[in-house]
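Hi everyone, thanks for making time this morning. I'd like to walk you through one model, and please keep the viewer open while I talk.

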Amino acid sequence: MPATPPPHSPAPLAAPPAGDAPGFAAPRERLAQRLLQVGLFLLPALLLSTSWGLGPFAAFALLAFALAPPVFARGWRDARRELRWLLAMAVLAAAVVLFSKFHFDVRWREADNRLRLLTAPFFATLVYAWRPSRRWLWAGALAGLAGAFALALFQVAGGTERALGWTANAIVFADALIALIVIAVFARPSGELLWTSLACALGVGAVVLSGSRGVWPGLAIVLLVALIVSGGRARKLSWAVLAAMALAVVASHWIPPLAQLTRMQELASDMDKVKRGGDHESSLGARVTLLELAGDTFVEHPLTGVGVGRFETVVMATPQCAPPAPRVGFCKLGHAHSDAFEWAATMGVPGVLALLAIYLVPLALFARLLRAQTVARARSSALAGLVLVLVYIACGLTQSMFAHQLVASFYAVAIGLLYGFALLERERPPQ
């Protein structure tokens, strides 16, 4: 795993491209910058509220790159020293995944989600080279949260037990919602607290409609960090939201309709069953079984695991999935529902090291850039990136984040974009 970046103050980057001050001179370059900004808006705006996901953003970003590759090359040349750790992280993860893929002859689709981390340095360079406005990303996050809430409300009102968005998975839907809330809260421009608060309230409402419980620690992290770094009206609002969240948690245990909606009643029942008789038929019991299987698999195959994306073979080999009466629901679980256990069971010690790099390297990079800032610390790309990593770590305790294309892809793209913005803000702090 790459070593943690040195603690000393980072050296200044090379001078920004000539097009940064008044704008790019050539029409193609100006068009490319505008296309990238449109793509930044579409990324969070369409992520959950449409079936297109990240596709439109990727198309606009690639078109911007194709219009003027020399600008991208100049950005890479100026920022490559700062990008080397991000690149090393992506290459290490890709090497571990590719070894596992070829060693076990795994299908490409099983490795694809993890390999998307290789795009992080590309998107960081794209932002650094074109210097787009971060406001587009924030505005897209607000639109995405509003659209996701409208879709979730429509689905639940139509009889769907849990809101899924366009993901076909309520847990993935909730994980992506928390990521959009991070962008909305910490990448907001100055003076945009009201619209941010309204959009985040809609986002939390969509999380409730999803019935996902594993994202609440991530949401608590967002609120606590906002409370610590904010001042004035933002801090008062953070206190109010935190109090409302505490009341909602209490109410979810005492008000039957709310308890059923948030699945807190089910969680309490599952915990009681597991404690009393070791009942593993419940949702919580199935997760405990998966963690036990993953731990046993790691002990049996500590160096290589059983192959990336092949945890399903471990599940299918259990007595619960043997004929003539397999546990249908349990046997459909294809991953360990925990990042660390998933990577350990499928890729062994190298997988654990790769996962540590995936989270700790960006965390260290954002923390270093955050320390170097002197103004606007509560609304900065470095802080947004740091909190996003923390949220993924928290959600990854009960989910296999990189087993799902949407949240895996968004992590790679968002980390790259926010790191590129953070490098720009170190040169020219936002007002």
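Predicted model: local features only at pLDDT ≥ 70, side-chain atom pairs only at ≥ 80, totals over all residues.

The chain has 18 helices and zero strands. It runs to 431 residues, and 53% of them count as buried. If you take the contacts between residues at least 6 apart in sequence, 77% of those join residues at least 24 apart.

Let's zoom in on helix H5, residues 120–130. How many of the eleven residues of H5 are buried? Ten of them are, so the helix is mostly covered. The buried set is Ala120, Pro121, Phe123, Ala124, Thr125, Leu126, Val127, Tyr128, Ala129 and Trp130. And what covers the buried residues of H5? The cover includes helix H1 (27–46), H2, helix H3 (69–103) and helix H18 (405–427).

Take H2 from that group, which spans residues 55–67. Its axis and that of H5 are 11 Å apart, at an angle of about 55°. At that angle, H2 and H5 are therefore oblique to each other. The crossing of H2 past H5 is left-handed. On the H2 side, the contact uses Phe57, Ala61, Leu62, Ala64 and Phe65. H5 answers with Phe122, Phe123, Leu126 and Trp130. By class, that contact has nine nonpolar residues, no polar ones and no charged ones.

H5 is followed by arginine 131, and its phi is positive, near 50°. This arginine is in the loop between H5 and helix H6 (135–157). Is arginine 131 buried or exposed? It has a relative accessible area of 11%, and because the cut-off for buried is under 20%, arginine 131 counts as buried.

You'll find histidine 337 in the loop between H15 and helix H16 (339–372). With a relative accessible area of 11%, histidine 337 is buried too.

The axes of H16 and H18 come within 10 Å and cross at roughly 20°. H16 and H18 are therefore roughly parallel to each other. Their crossing is left-handed. From H16, the residues in the contact are Ile358, Tyr359, Pro362, Leu365, Phe366, Arg368, Leu369 and Ala372. From H18, they are Tyr411, Ile415, Leu418, Tyr419, Ala422, Leu423 and Arg426. Sorted by class, this contact has 13 nonpolar residues, no polar ones and two charged ones.

Now for the cysteines. How many disulfides does the model contain? The count comes to one disulfide. It joins cysteine 321 to cysteine 331, with an S to S distance of 2.0 Å. The angle about the S-S bond is -115°, and the link is left-handed. Cysteine 321 belongs to the loop between helix H14 (311–316) and helix H15 (328–331), while cysteine 331 is in helix H15, ten residues apart. Both cysteine 321 and cysteine 331 are buried.

Next, cysteine 200. Its relative accessibility is 12%, so cysteine 200 counts as buried.

Finally, cysteine 395, which is in helix H17 (residues 381–395). This cysteine is buried as well, with a relative accessible area of 1%. What does cysteine 395 touch, leaving out residues up to four places away in sequence? It touches Asp175, Gly214, Val215 and Met401.

To recap before I hand over: we have a chain of 18 helices and zero strands, a mostly covered H5, and one disulfide between cysteine 321 and cysteine 331.

Conventions: Residues numbered from 1 in each chain as written. Heavy atoms only, no water. Axes fitted to C-alpha atoms, helices over the stretch in contact; angles between N-to-C directions. Helix = DSSP H or I, 4+ residues; strand = E, 2+ residues; numbered from the N terminus. Parallel < 35°, antiparallel > 145°, perpendicular 65-115°, else oblique. Left-handed = near helix turned anticlockwise from the far one by under 90°. Contact = heavy atoms within 4.5 Å. Nonpolar A, V, L, I, M, F, W, Y, C, P; charged D, E, K, R; others polar. Disulfide = S-S within 2.5 Å. Buried < 20%, exposed > 50% of the residue type's maximum accessible area, 1.4 Å probe, protein only.
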